[in-house]
Amino acid sequence: MTVHQLSRTDARRLAVRAQLLDAHRPAGMLDVVRRLTLVQNDQTAAVAPSADLVLWSRLGDSYSPGQLRDALDEQTLLELHGFVRPPEDLALYTAEMAEWPGRPPLRVWQEELREWVAVNNGCRLDILARLRADGPLTSRELPDTCVAPWRSSGWTNNRNVTKLLDFLVQRGEVAAAGRRGKDRLWDLAERIYPDEVVPYEEAMRLRNERRLRSLGIARERAPVSPGEPNDVRAAGEPAVVKGVKGRWRVDPELLDQTFTGRTALLSPLDRLVFDRTRIAELFEFDYQLEMYKPAAERRWGYWAMPILHGDRLVGKLDAAADRRAGVLRVHAVHQDTPFTSAITAEVRREIEALAEWLRLTLVGTSPR
């Protein structure tokens with residue numbers, strides 16, 4: 001098999017095209033989610049919820065947040081483990097769900113999870129019965145009849161229904177079913193998920209292929225990542241990136257395509273930048289999400305948005321939406337390399353477009 005020889009520029013352009021961030025904007029929201037395979041549905045709204053920012057950065061002002069809410073309520077898109085996904089992809093997860101808490105041999109913590117659910121089987125059955133009779137329902141509307149409380153040193157301590165719902169989702173018995181206001185609704189998975197079940201090994205292979213298609217280029221193997229993996233195993237074809245160590249895989253269908261870039265403001269949870277090791281290696285971009293750091297220790301800001309220009313990540317936008325005051329407040333535009341006059345003008349246009357999309361007045365520092 002051919003081992004593709006890539007420069008960093010080749011690799012970056014492959015990644016940007018795969019993530020629909022080049023100059024050719026996609027047709028609509030459903031097309032974006034199907035191509036990306038997932039959009040993280042984090043509700044942090046320092047500027048706007050991450051999923052809305054991801055979709056806006058691809059679609060521009062043709063996208064409105066109501067589109068995503070409607071799609072989830074109508075189940076034309078589904079949510080699994082905090083990620084919005086196309087419904088047809090759920091068939092790639094049901095075989096794994098059936099093997100919860102994992103394939104043998106189980107680790108100690110997996111055994112403990114299984115034992116906790118088994119001890120509280122009565123509560124599990126009560127929740128399923130209530131959903132069958134009255135669902136979709138919020139977690140507050142579900143009975144807590146657990147005989148063994150959930151013990152944690154974190155915020156989930158004694159949140160028995162919250163944790164049990166999490167495990168019932170992992171088992172494929174319960175599924176997210178949209179929202180009522182800010183509260184997530186839950187229902188029986190059999191009412192929401194497709195009936196098709198793809199065998200485990202084939203499902204894993206297809207998930208790796210879909211992931212590589214959405215990333216363009218990825219590590220063959222990478223450290224375990226919460227939520228969605230960053231590696232793709234044997235999917236695609238092998239590649240070497242000049243100046244970067246390690247084994248890479250590429251989607252050959254995305255190679256040798258003409259690249260035309262643009263400028264875009266990205267959510268910190270955008271898949272282009274989510275793998276911090278990959279962006280350091282391919283984009284030579286230093287970035288961390290600093291919302292969990294004390295303010296005095298932040299270099300770029302609470303929700304600093306990476307700035308993409310062509311095939312380079314060139315800086316970070318530190319901004320916050322003050323909806324009560326009706327303004328998008330720009331605290332700083334950090335330049336990783338000095339902006340040319342052309343980059344400055346394009347970044348300014350994107351910031352203005354973001355404020356207009358949010359229907360907020362723009363105030364504060366702008367790139368000069």
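Which residue in E6 does Ala-175 stand opposite? Ala-175 faces Asp-187. The model is predicted: local features need pLDDT of at least 70, side-chain atom pairs count only at pLDDT 80 or more, and totals for chains, interfaces and linings use all residues. Residues are numbered from 1 along each chain as its sequence is written, and side-chain values use heavy atoms, with hydrogens and water left out.

**Strands**

- Helices (H or I, at least four residues) and strands (E, at least two) are DSSP runs numbered from the N terminus, and two strands pair if DSSP finds at least two bridges between them.
- Strand E5 (174-180) pairs with strand E6 (residues 183-188) in the antiparallel sense over 5 bridges.
- E5 and E6 make a hairpin with 2 residues between them, and Gly-181 in the turn has a positive phi of about 65°.
- An open sheet of 3 strands runs in the order E2-E4-E3, with antiparallel pairing.
- Strand E2 (39-40) and strand E3 (78-80) are at the edges with a single partner strand each, so one side of each has no neighbour in the sheet.
- E2 pairs with strand E4 (residues 83-85) over 2 bridges, and Phe-83 in E4 is the bridge partner of Gln-40.

**The second largest pocket**

- A pocket is an open set of points on a 1 Å grid over the protein atoms alone, where a 1.4 Å probe fits, with protein on both sides within 12 Å along at least five of seven lines; lining residues have an atom within 4 Å of a point.
- Of its 20 lining residues, the closest to the centre are Gln-43, Pro-49, Asp-52, Pro-65 and Arg-69.
- Helix H4 (65-74) is among the elements that supply at least two lining residues; H4 gives the largest share, 5 residues.

**Nonpolar cores**

- A nonpolar core is a set of buried Ala, Val, Leu, Ile, Met, Phe, Trp, Tyr and Cys residues joined through side-chain atoms within 4.5 Å, where buried means under 20% relative accessible area (1.4 Å probe, protein chains only).
- Within the largest core, of 43 residues, Leu-68, Leu-317, Leu-328 and Leu-354 touch the most other members.
- Helix H12 (341-358) gives the most to this core, with 7 residues.
- A second, separate core has 37 residues, including Val-117, Leu-131, Leu-185 and Trp-186.

Methods: Buried < 20%, exposed > 50% of the residue type's maximum accessible area, 1.4 Å probe, protein only.
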